[in-house]
Amino acid sequence: MKPDDTTYSKLIKAAQKARDNAYAPYSGLSVGAAVLTDKGIFTGVNVENASYGLSMCAERTAVFNAVAAGARTITAVAVAGGNQEPLPPCGACRQVLAEFNPGMECLLIGASGETRQYNLSELLAHPFLSTHLAK
Ligand code: THU
């Protein structure tokens, strides 16, 4: 955990609570996410669709929610979900998270509370960033 276990505990609880609102009637896999930002904590859930490919992951919902509220820097993300093991964010979510800090901490929480912590740079090496865009 660290840097500030209390804040991280709050972030984890927020992700776990958000998970109750996941909309996952097709996969049955409910996921909640919470991001710690310069404007506070924002949550998200996975939102599935009858047109399966339109479904959205919890992590991206949380990021978009935070950005819509004016946040621009994310220092940590907590992801609560999975049937047992902590759920690793999918590749698309890793890339979207990296936009707002490729070095953020990722707290992955399993069904029984088991926590795995990674730096995003471990989960997504060499992200595509704004610095790669031609000026
Ligand atoms: N899911 C997430 O919410 N986050 C991930 O990083 C992986 C997958 C959701 C999407 C879909 O609603 C369900 O899990 C099954 O793929």
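**View 1. Reading along the sequence, you pass through α-β-β-α-β-α-β-β-α.** That makes four helices and five strands in the chain (helices are DSSP runs of H or I with at least four residues, strands are E runs of at least two, numbered from the N terminus). The chain's radius of gyration is 14 Å, close to the 14 Å that the globule rule gives for 135 residues, so it is as compact as a globular protein of that length (the radius is taken over C-alpha atoms, and the rule is 2.2 Å times the number of residues to the power 0.38). This is a predicted model, where local features need pLDDT of at least 70, side-chain atom pairs count only at pLDDT 80 or more, and totals for chains, interfaces and linings use all residues. Residues are numbered from 1 along each chain as its sequence is written, and side-chain values use heavy atoms, with hydrogens and water left out.

View 2. Residues around the ligand include Ser27, Leu29, Val31, Glu48 and Pro88 (a residue counts if one of its heavy atoms lies within 4 Å). The shell splits into seven nonpolar, two polar and two charged residues (Ala, Val, Leu, Ile, Met, Phe, Trp, Tyr, Cys and Pro are nonpolar, Asp, Glu, Lys and Arg charged, and the others, Gly among them, polar).

View 3. A side-chain N or O atom of Asn46 sits 2.9 Å from a ligand oxygen (a polar contact is a pair of N or O atoms within 3.5 Å). Ala58 brings a backbone N or O atom 2.9 Å from an oxygen of the ligand. For Cys90, a polar backbone atom is 2.9 Å from a ligand oxygen.

Methods
A polar contact is a pair of N or O atoms within 3.5 Å; within protein, one must be able to donate a hydrogen and the other to accept it, and residues adjacent in sequence count only if both atoms are side-chain atoms.
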